[in-house]
Amino acid sequence: MYFVAEYVKITWKYDILGGVCRFRPKNEQWGKKMSERLCMNCFSEYHPDMGTGQCLNCGWDNGKPQPHGALPYETEIASRYVVGRVRAANGEGFTYCALDRTTQKVVALREFFPRAIAGRDELGAVVPSPDHARTFRQYSQDFLELSKSVSRLREVTVVESVLDIVEENGTVYTVYADEGTVSLRRYVRDSGGRLTWNETSRLFTPVITALSLINSLGVSHLALSPETLRVDREGNMVITGFHINAVHRAGSLLNLELHPGCAAIEQYSAKAACGEVSDVYALGACMLFCISGQLPGEATKRLHDQRLMISKDALKTVPPFAVTAIANALQIKQADRTGSFETFRTELNSAPALVDEVEETDAIRRLPPVSRDLPRRRFYMPPVMWLIVSCAATLIVLFVIASSWLGDQGMSFGDLGEIFDSSAAETPVDVPDMVGQSYTQWENRTKSGEFNFKLNVKSKEYNDTVEEGYIIDQTPEKGETVEPGGTVSVTVSQGKAIRPLPEYEGLSFAELQGRLRDEGFAPAKEDVYSTEVELGYVIGYKDHEPGDEVDYGETITVIVSAGPEVE
(Lines give C-alpha, C1' and ligand atoms only; values in the text may rest on other atoms or scores of the structure.)
Protein backbone atom coordinates (compact mmCIF):
# COMPACT_ATOMS: atom_id res chain seq x y z
CA MET A 1 0.00 0.00 0.00
CA TYR A 2 1.30 3.43 -0.85
CA PHE A 3 0.73 6.38 1.42
CA VAL A 4 1.16 9.89 0.07
CA ALA A 5 1.85 12.73 2.49
CA GLU A 6 2.38 16.36 1.52
CA TYR A 7 5.30 18.28 2.92
CA VAL A 8 6.05 21.79 1.66
CA LYS A 9 6.16 21.61 -2.16
CA ILE A 10 6.94 17.97 -2.82
CA THR A 11 4.91 14.80 -2.41
CA TRP A 12 6.54 11.93 -0.53
CA LYS A 13 5.43 8.45 -1.47
CA TYR A 14 6.05 5.73 1.09
CA ASP A 15 6.14 2.08 0.17
CA ILE A 16 5.14 0.87 3.62
CA LEU A 17 5.55 -2.82 2.87
CA GLY A 18 8.92 -2.42 1.22
CA GLY A 19 10.23 0.30 3.51
CA VAL A 20 11.29 2.44 0.54
CA CYS A 21 10.76 6.20 0.60
CA ARG A 22 10.45 7.92 -2.76
CA PHE A 23 9.25 11.36 -3.77
CA ARG A 24 7.93 13.00 -6.88
CA PRO A 25 7.09 16.61 -7.72
CA LYS A 26 3.68 17.57 -6.34
CA ASN A 27 2.32 18.39 -9.78
CA GLU A 28 3.32 15.04 -11.23
CA GLN A 29 0.15 12.99 -11.17
CA TRP A 30 0.16 9.53 -12.78
CA GLY A 31 1.85 10.63 -15.98
CA LYS A 32 -0.10 13.88 -16.46
CA LYS A 33 1.50 17.06 -17.64
CA MET A 34 2.78 19.41 -14.97
CA SER A 35 0.05 21.93 -15.94
CA GLU A 36 -2.78 19.44 -15.41
CA ARG A 37 -4.13 17.98 -12.18
CA LEU A 38 -7.18 16.05 -11.05
CA CYS A 39 -9.89 17.69 -9.01
CA MET A 40 -10.14 16.00 -5.62
CA ASN A 41 -13.94 16.11 -5.74
CA CYS A 42 -15.00 15.01 -9.22
CA PHE A 43 -11.56 13.87 -10.55
CA SER A 44 -11.85 15.77 -13.80
CA GLU A 45 -8.79 17.68 -15.01
CA TYR A 46 -8.12 21.28 -14.09
CA HIS A 47 -5.19 23.62 -14.71
CA PRO A 48 -3.61 25.13 -11.57
CA ASP A 49 -1.34 27.26 -13.76
CA MET A 50 -4.39 29.37 -14.59
CA GLY A 51 -4.09 30.96 -11.15
CA THR A 52 -6.87 29.13 -9.30
CA GLY A 53 -7.40 25.72 -7.79
CA GLN A 54 -11.13 25.83 -8.41
CA CYS A 55 -12.48 23.09 -10.65
CA LEU A 56 -14.51 24.45 -13.54
CA ASN A 57 -16.55 21.25 -13.67
CA CYS A 58 -17.81 20.98 -10.07
CA GLY A 59 -16.66 24.20 -8.41
CA TRP A 60 -14.53 22.50 -5.75
CA ASP A 61 -11.57 24.55 -4.47
CA ASN A 62 -8.62 22.17 -4.57
CA GLY A 63 -6.60 24.53 -2.41
CA LYS A 64 -8.60 23.56 0.68
CA PRO A 65 -6.90 21.23 3.17
CA GLN A 66 -8.34 17.96 4.44
CA PRO A 67 -9.92 17.91 7.93
CA HIS A 68 -7.60 17.09 10.79
CA GLY A 69 -6.77 13.40 10.94
CA ALA A 70 -7.96 12.56 7.42
CA LEU A 71 -5.75 10.94 4.78
CA PRO A 72 -3.96 13.47 2.57
CA TYR A 73 -5.12 14.07 -0.98
CA GLU A 74 -3.86 11.51 -3.53
CA THR A 75 -3.18 8.76 -0.98
CA GLU A 76 -3.32 5.43 -2.81
CA ILE A 77 -5.22 2.53 -1.22
CA ALA A 78 -4.51 -0.97 -2.54
CA SER A 79 -2.57 0.68 -5.40
CA ARG A 80 -5.96 1.31 -6.98
CA TYR A 81 -8.06 3.89 -5.15
CA VAL A 82 -6.93 7.53 -5.12
CA VAL A 83 -8.18 9.43 -2.08
CA GLY A 84 -9.96 12.75 -2.67
CA ARG A 85 -11.72 15.14 -0.34
CA VAL A 86 -13.56 14.06 2.81
CA ARG A 87 -17.26 13.75 2.03
CA ALA A 88 -18.47 12.89 5.54
CA ALA A 89 -17.16 11.96 8.96
CA ASN A 90 -18.57 10.41 12.14
CA GLY A 91 -17.43 8.37 15.13
CA GLU A 92 -16.68 5.38 12.90
CA GLY A 93 -14.33 7.18 10.53
CA PHE A 94 -14.08 9.17 7.29
CA THR A 95 -15.85 8.77 3.95
CA TYR A 96 -13.82 10.09 1.00
CA CYS A 97 -14.48 10.81 -2.63
CA ALA A 98 -12.09 8.50 -4.46
CA LEU A 99 -11.09 7.52 -7.97
CA ASP A 100 -10.98 3.87 -8.97
CA ARG A 101 -7.97 3.87 -11.30
CA THR A 102 -9.03 0.53 -12.81
CA THR A 103 -12.51 1.61 -13.91
CA GLN A 104 -11.83 5.38 -13.95
CA LYS A 105 -15.03 5.89 -11.96
CA VAL A 106 -15.60 8.01 -8.88
CA VAL A 107 -16.45 5.89 -5.81
CA ALA A 108 -17.06 6.45 -2.10
CA LEU A 109 -14.26 5.13 0.11
CA ARG A 110 -15.13 4.56 3.78
CA GLU A 111 -12.21 4.26 6.22
CA PHE A 112 -12.62 2.69 9.64
CA PHE A 113 -10.88 5.23 11.87
CA PRO A 114 -12.59 5.64 15.27
CA ARG A 115 -10.71 8.71 16.46
CA ALA A 116 -12.03 8.34 20.03
CA ILE A 117 -9.94 5.19 20.52
CA ALA A 118 -7.27 5.37 17.79
CA GLY A 119 -4.80 7.68 16.10
CA ARG A 120 -2.71 7.78 12.93
CA ASP A 121 1.06 7.32 12.83
CA GLU A 122 3.52 9.20 10.64
CA LEU A 123 3.02 6.76 7.76
CA GLY A 124 -0.75 7.03 7.82
CA ALA A 125 -1.52 3.73 9.53
CA VAL A 126 -4.39 3.61 12.03
CA VAL A 127 -3.09 2.68 15.49
CA PRO A 128 -5.39 1.94 18.47
CA SER A 129 -4.64 3.64 21.77
CA PRO A 130 -3.08 1.23 24.30
CA ASP A 131 -6.10 1.36 26.61
CA HIS A 132 -8.57 0.44 23.87
CA ALA A 133 -6.73 -2.09 21.71
CA ARG A 134 -9.23 -4.89 22.40
CA THR A 135 -12.24 -2.62 21.74
CA PHE A 136 -10.64 -1.39 18.52
CA ARG A 137 -10.18 -4.97 17.29
CA GLN A 138 -13.81 -5.78 18.10
CA TYR A 139 -15.17 -2.70 16.34
CA SER A 140 -12.85 -3.28 13.40
CA GLN A 141 -14.17 -6.84 13.07
CA ASP A 142 -17.75 -5.50 13.29
CA PHE A 143 -16.94 -3.05 10.47
CA LEU A 144 -15.49 -5.83 8.32
CA GLU A 145 -18.44 -8.18 8.91
CA LEU A 146 -20.92 -5.39 8.19
CA SER A 147 -19.18 -4.62 4.90
CA LYS A 148 -19.28 -8.29 3.93
CA SER A 149 -22.99 -8.54 4.79
CA VAL A 150 -23.86 -5.48 2.70
CA SER A 151 -21.72 -6.80 -0.17
CA ARG A 152 -23.92 -9.92 -0.29
CA LEU A 153 -26.86 -7.63 -1.10
CA ARG A 154 -25.36 -6.37 -4.38
CA GLU A 155 -28.32 -7.74 -6.35
CA VAL A 156 -30.76 -5.82 -4.14
CA THR A 157 -31.07 -2.62 -6.15
CA VAL A 158 -32.35 -0.47 -3.28
CA VAL A 159 -29.17 -1.01 -1.21
CA GLU A 160 -25.95 0.91 -1.93
CA SER A 161 -23.48 -1.43 -3.61
CA VAL A 162 -20.24 -2.55 -1.97
CA LEU A 163 -17.64 -2.86 -4.73
CA ASP A 164 -14.57 -3.83 -2.74
CA ILE A 165 -13.25 -4.42 0.78
CA VAL A 166 -9.59 -3.72 1.55
CA GLU A 167 -7.69 -4.63 4.73
CA GLU A 168 -4.47 -2.68 5.03
CA ASN A 169 -2.83 0.24 6.78
CA GLY A 170 -3.90 -1.25 10.12
CA THR A 171 -7.60 -0.86 9.34
CA VAL A 172 -10.41 -1.69 6.89
CA TYR A 173 -11.65 0.25 3.85
CA THR A 174 -14.98 -0.34 2.13
CA VAL A 175 -15.58 0.89 -1.41
CA TYR A 176 -19.15 1.87 -2.30
CA ALA A 177 -20.56 2.77 -5.72
CA ASP A 178 -21.23 6.49 -6.17
CA GLU A 179 -24.58 6.58 -7.98
CA GLY A 180 -25.25 10.31 -7.87
CA THR A 181 -28.28 10.42 -5.56
CA VAL A 182 -30.06 13.15 -3.59
CA SER A 183 -31.25 12.87 0.00
CA LEU A 184 -34.90 12.07 0.66
CA ARG A 185 -35.09 15.39 2.50
CA ARG A 186 -33.98 17.23 -0.63
CA TYR A 187 -36.31 15.15 -2.83
CA VAL A 188 -39.34 15.97 -0.68
CA ARG A 189 -38.41 19.64 -0.57
CA ASP A 190 -38.09 19.81 -4.35
CA SER A 191 -41.41 18.00 -4.71
CA GLY A 192 -43.30 20.75 -2.92
CA GLY A 193 -42.65 19.92 0.75
CA ARG A 194 -44.47 16.59 0.92
CA LEU A 195 -45.35 13.59 -1.25
CA THR A 196 -48.64 11.98 -2.16
CA TRP A 197 -49.46 8.65 -0.55
CA ASN A 198 -49.13 6.90 -3.91
CA GLU A 199 -45.61 8.29 -4.40
CA THR A 200 -44.65 7.47 -0.80
CA SER A 201 -45.92 3.91 -1.19
CA ARG A 202 -44.02 3.50 -4.46
CA LEU A 203 -40.75 4.65 -2.88
CA PHE A 204 -40.98 2.68 0.36
CA THR A 205 -42.47 -0.67 -0.70
CA PRO A 206 -39.19 -2.12 -2.09
CA VAL A 207 -37.26 -0.59 0.81
CA ILE A 208 -39.45 -2.42 3.36
CA THR A 209 -38.79 -5.70 1.55
CA ALA A 210 -35.04 -5.04 1.52
CA LEU A 211 -34.92 -4.07 5.20
CA SER A 212 -36.77 -7.26 6.10
CA LEU A 213 -34.07 -9.23 4.25
CA ILE A 214 -31.23 -7.20 5.79
CA ASN A 215 -32.48 -7.75 9.33
CA SER A 216 -32.96 -11.46 8.63
CA LEU A 217 -29.18 -11.55 8.00
CA GLY A 218 -28.60 -10.15 11.48
CA VAL A 219 -27.85 -6.60 10.29
CA SER A 220 -29.73 -3.64 11.75
CA HIS A 221 -29.24 -0.23 10.17
CA LEU A 222 -30.09 1.98 13.21
CA ALA A 223 -29.60 5.19 11.20
CA LEU A 224 -32.47 5.34 8.69
CA SER A 225 -33.36 8.98 8.14
CA PRO A 226 -34.18 11.49 5.37
CA GLU A 227 -30.40 11.83 4.97
CA THR A 228 -29.42 8.15 4.67
CA LEU A 229 -32.41 7.28 2.49
CA ARG A 230 -31.61 8.73 -0.92
CA VAL A 231 -33.31 8.90 -4.32
CA ASP A 232 -31.51 8.04 -7.56
CA ARG A 233 -31.89 9.54 -11.04
CA GLU A 234 -34.69 7.09 -11.89
CA GLY A 235 -36.71 8.20 -8.87
CA ASN A 236 -36.09 5.05 -6.82
CA MET A 237 -35.08 4.94 -3.17
CA VAL A 238 -31.64 3.69 -2.10
CA ILE A 239 -30.61 2.72 1.44
CA THR A 240 -27.20 4.20 2.34
CA GLY A 241 -25.27 5.06 5.50
CA PHE A 242 -24.41 1.62 6.89
CA HIS A 243 -22.27 1.92 10.03
CA ILE A 244 -21.48 -0.35 12.94
CA ASN A 245 -24.17 -0.28 15.64
CA ALA A 246 -21.81 1.18 18.23
CA VAL A 247 -22.02 4.55 16.47
CA HIS A 248 -25.82 4.70 16.67
CA ARG A 249 -26.58 3.68 20.24
CA ALA A 250 -25.54 4.99 23.62
CA GLY A 251 -23.01 3.22 25.80
CA SER A 252 -20.13 2.70 23.37
CA LEU A 253 -16.76 4.43 23.38
CA LEU A 254 -17.40 5.95 19.94
CA ASN A 255 -18.84 9.38 19.34
CA LEU A 256 -22.62 8.93 19.29
CA GLU A 257 -24.54 9.80 16.12
CA LEU A 258 -28.34 9.70 16.42
CA HIS A 259 -30.93 11.20 14.07
CA PRO A 260 -33.50 12.97 16.28
CA GLY A 261 -37.03 12.10 15.23
CA CYS A 262 -35.84 8.86 13.63
CA ALA A 263 -33.83 7.25 16.45
CA ALA A 264 -35.96 4.95 18.65
CA ILE A 265 -36.03 5.43 22.41
CA GLU A 266 -33.95 2.29 23.02
CA GLN A 267 -31.01 3.80 21.11
CA TYR A 268 -30.62 6.39 23.87
CA SER A 269 -30.00 3.60 26.40
CA ALA A 270 -26.86 1.55 26.93
CA LYS A 271 -28.87 -1.43 28.19
CA ALA A 272 -31.98 -1.69 25.98
CA ALA A 273 -31.88 -4.08 23.02
CA CYS A 274 -31.83 -2.52 19.54
CA GLY A 275 -32.65 -4.28 16.30
CA GLU A 276 -35.30 -4.64 13.62
CA VAL A 277 -37.94 -3.02 15.83
CA SER A 278 -35.69 0.09 16.01
CA ASP A 279 -35.44 0.22 12.21
CA VAL A 280 -39.23 -0.09 11.92
CA TYR A 281 -39.55 3.04 14.08
CA ALA A 282 -37.08 4.96 11.92
CA LEU A 283 -38.75 3.97 8.66
CA GLY A 284 -42.16 4.91 10.04
CA ALA A 285 -40.71 8.33 10.90
CA CYS A 286 -39.39 8.73 7.35
CA MET A 287 -42.78 7.81 5.87
CA LEU A 288 -44.45 10.36 8.15
CA PHE A 289 -41.92 12.93 6.93
CA CYS A 290 -42.87 12.23 3.31
CA ILE A 291 -46.64 12.58 3.75
CA SER A 292 -46.58 15.49 6.23
CA GLY A 293 -43.28 17.26 5.58
CA GLN A 294 -42.23 16.85 9.24
CA LEU A 295 -40.49 14.24 11.36
CA PRO A 296 -42.01 13.23 14.69
CA GLY A 297 -40.55 14.77 17.83
CA GLU A 298 -37.41 13.31 19.35
CA ALA A 299 -38.21 9.99 21.03
CA THR A 300 -37.05 11.18 24.47
CA LYS A 301 -39.50 14.09 24.25
CA ARG A 302 -42.39 11.89 23.06
CA LEU A 303 -42.34 9.76 26.21
CA HIS A 304 -45.03 11.96 27.78
CA ASP A 305 -46.83 13.01 24.60
CA GLN A 306 -46.89 10.49 21.74
CA ARG A 307 -49.22 12.48 19.50
CA LEU A 308 -48.18 12.77 15.86
CA MET A 309 -48.83 16.20 14.44
CA ILE A 310 -50.27 15.77 10.94
CA SER A 311 -52.26 18.48 9.19
CA LYS A 312 -55.85 17.74 8.18
CA ASP A 313 -54.94 18.42 4.54
CA ALA A 314 -52.25 15.73 4.66
CA LEU A 315 -54.54 13.26 6.44
CA LYS A 316 -57.17 13.60 3.73
CA THR A 317 -54.72 12.24 1.14
CA VAL A 318 -53.61 9.18 3.15
CA PRO A 319 -55.73 6.03 3.48
CA PRO A 320 -56.81 5.38 7.10
CA PHE A 321 -55.13 1.96 7.16
CA ALA A 322 -51.79 3.60 6.25
CA VAL A 323 -52.13 6.19 9.03
CA THR A 324 -52.78 3.37 11.50
CA ALA A 325 -49.78 1.35 10.26
CA ILE A 326 -47.42 4.35 10.57
CA ALA A 327 -48.77 5.19 14.03
CA ASN A 328 -48.18 1.59 15.16
CA ALA A 329 -44.60 1.76 13.85
CA LEU A 330 -44.01 4.96 15.85
CA GLN A 331 -45.10 3.70 19.25
CA ILE A 332 -42.50 4.72 21.82
CA LYS A 333 -42.45 1.49 23.82
CA GLN A 334 -41.07 -1.54 22.00
CA ALA A 335 -43.84 -3.76 23.39
CA ASP A 336 -46.49 -1.56 21.74
CA ARG A 337 -44.62 -1.04 18.46
CA THR A 338 -44.82 -3.02 15.23
CA GLY A 339 -42.04 -5.55 15.70
CA SER A 340 -41.01 -6.51 12.17
CA PHE A 341 -41.04 -5.28 8.62
CA GLU A 342 -43.20 -8.22 7.56
CA THR A 343 -45.92 -7.06 9.96
CA PHE A 344 -45.43 -3.45 8.90
CA ARG A 345 -45.82 -4.39 5.24
CA THR A 346 -48.97 -6.39 5.99
CA GLU A 347 -50.53 -3.43 7.82
CA LEU A 348 -49.63 -1.06 4.98
CA ASN A 349 -51.16 -3.43 2.42
CA SER A 350 -54.44 -4.04 4.22
CA ALA A 351 -56.09 -2.14 1.36
CA PRO A 352 -54.91 -1.24 -2.17
CA ALA A 353 -52.20 1.41 -2.17
CA LEU A 354 -53.62 3.13 -5.22
CA VAL A 355 -57.35 3.93 -5.14
CA ASP A 356 -58.92 5.05 -8.41
CA GLU A 357 -62.16 6.98 -8.15
CA VAL A 358 -64.26 5.73 -11.05
CA GLU A 359 -67.79 6.93 -11.73
CA GLU A 360 -69.77 3.83 -12.63
CA THR A 361 -72.97 4.20 -14.63
CA ASP A 362 -76.11 2.25 -13.86
CA ALA A 363 -75.59 0.31 -17.05
CA ILE A 364 -72.16 -0.87 -15.85
CA ARG A 365 -73.29 -1.61 -12.31
CA ARG A 366 -76.39 -3.52 -13.40
CA LEU A 367 -75.86 -5.50 -16.58
CA PRO A 368 -79.02 -7.15 -17.97
CA PRO A 369 -79.27 -10.88 -17.25
CA VAL A 370 -78.52 -13.27 -20.08
CA SER A 371 -81.50 -15.49 -20.90
CA ARG A 372 -80.72 -19.17 -21.13
CA ASP A 373 -84.11 -19.93 -22.78
CA LEU A 374 -83.09 -19.42 -26.42
CA PRO A 375 -85.71 -19.83 -29.14
CA ARG A 376 -85.49 -23.11 -30.97
CA ARG A 377 -85.75 -21.50 -34.42
CA ARG A 378 -84.11 -18.29 -35.58
CA PHE A 379 -82.64 -16.82 -38.72
CA TYR A 380 -79.17 -18.26 -39.35
CA MET A 381 -76.29 -16.26 -40.90
CA PRO A 382 -72.77 -17.60 -41.38
CA PRO A 383 -70.14 -16.01 -39.06
CA VAL A 384 -68.28 -14.42 -41.99
CA MET A 385 -71.45 -12.63 -43.12
CA TRP A 386 -72.06 -11.41 -39.56
CA LEU A 387 -68.57 -9.90 -39.54
CA ILE A 388 -69.02 -8.16 -42.92
CA VAL A 389 -72.42 -6.73 -42.00
CA SER A 390 -71.16 -5.51 -38.60
CA CYS A 391 -68.17 -3.70 -40.14
CA ALA A 392 -70.31 -2.08 -42.81
CA ALA A 393 -72.86 -0.90 -40.25
CA THR A 394 -70.10 0.58 -38.10
CA LEU A 395 -68.60 2.54 -41.02
CA ILE A 396 -72.01 3.89 -42.00
CA VAL A 397 -72.70 5.06 -38.44
CA LEU A 398 -69.29 6.78 -38.23
CA PHE A 399 -69.89 8.40 -41.62
CA VAL A 400 -73.26 9.80 -40.53
CA ILE A 401 -71.88 11.09 -37.22
CA ALA A 402 -68.86 12.72 -38.86
CA SER A 403 -71.03 14.33 -41.53
CA SER A 404 -73.25 15.85 -38.85
CA TRP A 405 -70.12 17.28 -37.14
CA LEU A 406 -68.84 18.84 -40.36
CA GLY A 407 -72.21 20.25 -41.50
CA ASP A 408 -72.34 21.36 -45.13
CA GLN A 409 -68.74 20.39 -45.73
CA GLY A 410 -69.70 16.73 -45.59
CA MET A 411 -67.29 13.85 -45.40
CA SER A 412 -66.18 11.22 -47.87
CA PHE A 413 -65.25 7.60 -47.19
CA GLY A 414 -61.69 8.67 -48.03
CA ASP A 415 -61.83 11.14 -45.15
CA LEU A 416 -63.23 8.42 -42.91
CA GLY A 417 -60.33 6.17 -43.80
CA GLU A 418 -57.88 8.73 -42.42
CA ILE A 419 -59.38 8.22 -38.97
CA PHE A 420 -58.03 4.66 -38.99
CA ASP A 421 -54.73 5.54 -40.70
CA SER A 422 -52.03 4.76 -38.14
CA SER A 423 -49.53 6.72 -40.20
CA ALA A 424 -51.42 9.97 -39.72
CA ALA A 425 -49.24 12.58 -37.98
CA GLU A 426 -49.79 13.05 -34.22
CA THR A 427 -50.49 16.52 -32.90
CA PRO A 428 -47.30 18.31 -31.76
CA VAL A 429 -47.01 18.90 -28.01
CA ASP A 430 -47.07 22.49 -26.74
CA VAL A 431 -44.02 23.06 -24.52
CA PRO A 432 -44.99 24.52 -21.12
CA ASP A 433 -43.01 27.12 -19.19
CA MET A 434 -40.62 25.27 -16.85
CA VAL A 435 -38.11 28.04 -16.13
CA GLY A 436 -37.79 28.81 -12.43
CA GLN A 437 -39.52 25.58 -11.42
CA SER A 438 -38.24 22.37 -9.80
CA TYR A 439 -36.58 19.97 -12.23
CA THR A 440 -37.59 17.02 -10.02
CA GLN A 441 -41.27 17.96 -10.21
CA TRP A 442 -41.17 18.28 -14.00
CA GLU A 443 -39.26 15.02 -14.31
CA ASN A 444 -41.99 13.28 -12.30
CA ARG A 445 -44.72 14.85 -14.45
CA THR A 446 -43.13 13.70 -17.70
CA LYS A 447 -42.46 10.20 -16.38
CA SER A 448 -46.07 9.89 -15.23
CA GLY A 449 -47.25 10.56 -18.80
CA GLU A 450 -48.83 13.94 -18.03
CA PHE A 451 -46.66 15.44 -20.79
CA ASN A 452 -45.64 13.43 -23.84
CA PHE A 453 -42.00 14.46 -24.05
CA LYS A 454 -38.71 13.62 -22.35
CA LEU A 455 -36.48 15.89 -20.28
CA ASN A 456 -32.75 16.09 -20.88
CA VAL A 457 -30.33 18.01 -18.65
CA LYS A 458 -27.93 19.60 -21.11
CA SER A 459 -25.88 21.31 -18.37
CA LYS A 460 -25.74 22.35 -14.73
CA GLU A 461 -24.58 25.83 -13.78
CA TYR A 462 -24.05 27.87 -10.65
CA ASN A 463 -26.57 30.68 -10.40
CA ASP A 464 -27.01 33.35 -7.74
CA THR A 465 -30.72 33.89 -8.37
CA VAL A 466 -32.15 30.47 -9.30
CA GLU A 467 -32.43 27.94 -6.46
CA GLU A 468 -30.42 24.71 -6.68
CA GLY A 469 -32.30 22.00 -8.56
CA TYR A 470 -34.49 24.50 -10.42
CA ILE A 471 -34.53 25.13 -14.17
CA ILE A 472 -32.62 28.12 -15.57
CA ASP A 473 -33.63 27.84 -19.23
CA GLN A 474 -35.17 25.41 -21.68
CA THR A 475 -35.09 24.51 -25.38
CA PRO A 476 -37.64 24.65 -27.03
CA GLU A 477 -39.00 27.65 -25.17
CA LYS A 478 -42.49 28.16 -23.78
CA GLY A 479 -45.15 28.22 -26.49
CA GLU A 480 -43.08 26.30 -29.02
CA THR A 481 -43.87 22.71 -29.91
CA VAL A 482 -42.08 19.37 -29.86
CA GLU A 483 -42.93 16.11 -31.53
CA PRO A 484 -44.72 13.58 -29.29
CA GLY A 485 -42.07 11.61 -27.41
CA GLY A 486 -39.48 14.25 -28.32
CA THR A 487 -36.94 15.88 -26.02
CA VAL A 488 -36.90 19.19 -24.17
CA SER A 489 -33.41 20.18 -23.00
CA VAL A 490 -32.99 22.18 -19.80
CA THR A 491 -30.21 23.85 -17.85
CA VAL A 492 -30.46 23.14 -14.11
CA SER A 493 -29.11 25.42 -11.39
CA GLN A 494 -26.50 24.18 -8.94
CA GLY A 495 -27.37 27.11 -6.72
CA LYS A 496 -24.92 29.69 -5.48
CA ALA A 497 -21.22 28.94 -5.76
CA ILE A 498 -20.82 30.76 -2.44
CA ARG A 499 -23.46 29.98 0.19
CA PRO A 500 -24.30 31.07 3.72
CA LEU A 501 -23.85 28.63 6.57
CA PRO A 502 -27.16 27.64 8.24
CA GLU A 503 -28.07 28.39 11.84
CA TYR A 504 -27.29 25.66 14.37
CA GLU A 505 -29.05 26.89 17.52
CA GLY A 506 -30.87 24.00 19.21
CA LEU A 507 -29.84 21.44 16.56
CA SER A 508 -28.20 18.07 17.05
CA PHE A 509 -25.19 17.23 14.91
CA ALA A 510 -27.25 14.76 12.88
CA GLU A 511 -29.78 17.49 12.02
CA LEU A 512 -27.13 20.08 11.13
CA GLN A 513 -25.15 17.48 9.19
CA GLY A 514 -28.16 16.86 6.94
CA ARG A 515 -28.68 20.57 6.35
CA LEU A 516 -25.01 21.15 5.55
CA ARG A 517 -25.00 18.28 3.05
CA ASP A 518 -28.17 19.57 1.41
CA GLU A 519 -26.43 22.93 0.97
CA GLY A 520 -23.45 21.27 -0.70
CA PHE A 521 -21.00 21.37 2.22
CA ALA A 522 -18.95 18.48 3.66
CA PRO A 523 -19.61 18.32 7.43
CA ALA A 524 -16.96 17.09 9.83
CA LYS A 525 -17.33 16.62 13.57
CA GLU A 526 -15.14 17.62 16.50
CA ASP A 527 -16.28 16.62 20.00
CA VAL A 528 -15.74 18.87 23.00
CA TYR A 529 -16.76 18.25 26.61
CA SER A 530 -19.49 20.61 27.75
CA THR A 531 -21.66 21.01 30.84
CA GLU A 532 -23.91 23.56 29.15
CA VAL A 533 -24.85 21.89 25.85
CA GLU A 534 -26.63 18.53 25.74
CA LEU A 535 -24.74 15.47 24.48
CA GLY A 536 -24.79 15.25 20.69
CA TYR A 537 -25.96 18.82 20.16
CA VAL A 538 -24.06 21.55 18.33
CA ILE A 539 -21.93 24.06 20.21
CA GLY A 540 -20.86 25.98 17.11
CA TYR A 541 -18.75 26.04 13.97
CA LYS A 542 -15.01 25.73 14.45
CA ASP A 543 -13.86 28.40 12.01
CA HIS A 544 -17.10 30.12 10.99
CA GLU A 545 -20.28 31.74 12.19
CA PRO A 546 -23.86 31.19 10.92
CA GLY A 547 -24.44 33.26 7.83
CA ASP A 548 -20.78 33.25 6.74
CA GLU A 549 -20.46 33.02 2.96
CA VAL A 550 -18.55 29.82 2.19
CA ASP A 551 -17.61 28.10 -1.07
CA TYR A 552 -19.72 25.18 -2.25
CA GLY A 553 -18.20 21.84 -1.22
CA GLU A 554 -16.04 23.22 1.58
CA THR A 555 -15.46 21.05 4.64
CA ILE A 556 -17.21 22.56 7.65
CA THR A 557 -16.03 21.42 11.07
CA VAL A 558 -18.81 21.41 13.66
CA ILE A 559 -18.05 21.55 17.39
CA VAL A 560 -20.36 19.04 19.10
CA SER A 561 -20.98 18.47 22.78
CA ALA A 562 -19.57 15.24 24.20
CA GLY A 563 -21.40 15.90 27.46
CA PRO A 564 -19.71 16.61 30.77
CA GLU A 565 -16.23 15.20 31.26
CA VAL A 566 -16.17 12.10 33.44
CA GLU A 567 -14.05 12.66 36.51
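**Close-up views of a predicted model**

**View 1. Gly486 and its contacts.** Apart from neighbours within four places in sequence, Gly486 is in contact with Asn452, Phe453 and Lys454, where contact means heavy atoms within 4.5 Å. This is a predicted model, in which local features need pLDDT of at least 70, side-chain atom pairs count only at pLDDT 80 or more, and totals for chains, interfaces and linings use all residues. Residues are numbered from 1 along each chain as its sequence is written, and side-chain values use heavy atoms, with hydrogens and water left out. Gly486 lies in strand β21 (residues 486–493); helices (H or I, at least four residues) and strands (E, at least two) are DSSP runs, numbered from the N terminus. The C-alpha atoms of Gly486 and Phe453 are 5.0 Å apart in space, while the two residues are 33 apart in sequence. Gly486 is buried because its relative accessible area is 16%; buried means under 20%, exposed over 50% and partly exposed in between (1.4 Å probe, protein chains only).

**View 2. The largest nonpolar core around Phe204.** A nonpolar core is a set of buried Ala, Val, Leu, Ile, Met, Phe, Trp, Tyr and Cys residues joined through side-chain atoms within 4.5 Å. The largest one has 81 residues, of which Phe204, Ile239 and Leu283 touch the most other members. Helix α4 (residues 276–292) gives the most to this core, eleven residues. With neighbours within four places in sequence left aside, the contacts of Phe204 are Leu184, Leu229, Met237, Leu283, Cys286, Met287 and Cys290.

**View 3. Glu227 in its loop.** Glu227 sits in the loop between α3 (197–216) and β15 (229–231). Glu227 counts as buried because its relative accessibility is 8%. The side chains of Glu227 and Arg185 are joined by a polar contact of 2.4 Å (a pair of N or O atoms within 3.5 Å; within protein, one must be able to donate a hydrogen and the other to accept it, and residues adjacent in sequence count only if both atoms are side-chain atoms). Beyond neighbours within four places in sequence, Glu227 is in contact with Ser183, Arg185, Thr240, His259 and Gly514.

**View 4. The second largest cavity.** On a 1 Å grid over the protein atoms alone, a cavity is a set of points where a 1.4 Å probe fits but cannot get out, and lining residues have an atom within 4 Å of a point. The second largest cavity has a volume of about 40 Å³, a volume being the space filled by probe spheres set on the points, with grid points joined across faces, edges and corners. Among its lining residues are Leu222, His248, Glu257, His259 and Gln267.

**View 5. The cis peptide bond at Pro476.** Thr475 and Pro476 are joined by a cis peptide bond, with omega about 0 degrees. Pro476 belongs to the loop between β19 (471–475) and β20 (481–482).

**View 6. Two residues with positive phi.** Most residues other than glycine have a negative phi. Ser79, in the loop between β6 (76–77) and β7 (81–90), has a phi near 55 degrees. Ser79 counts as partly exposed because its relative accessibility is 43%. Asn169, in the loop between β12 (162–168) and β13 (171–177), has a phi near 65 degrees. Asn169 counts as buried, as its relative accessibility is 11%.

Methods:
1 Å grid on protein atoms, 1.4 Å probe; cavity = no way out; pocket = protein on both sides within 12 Å on 5 of 7 lines; lining within 4 Å.
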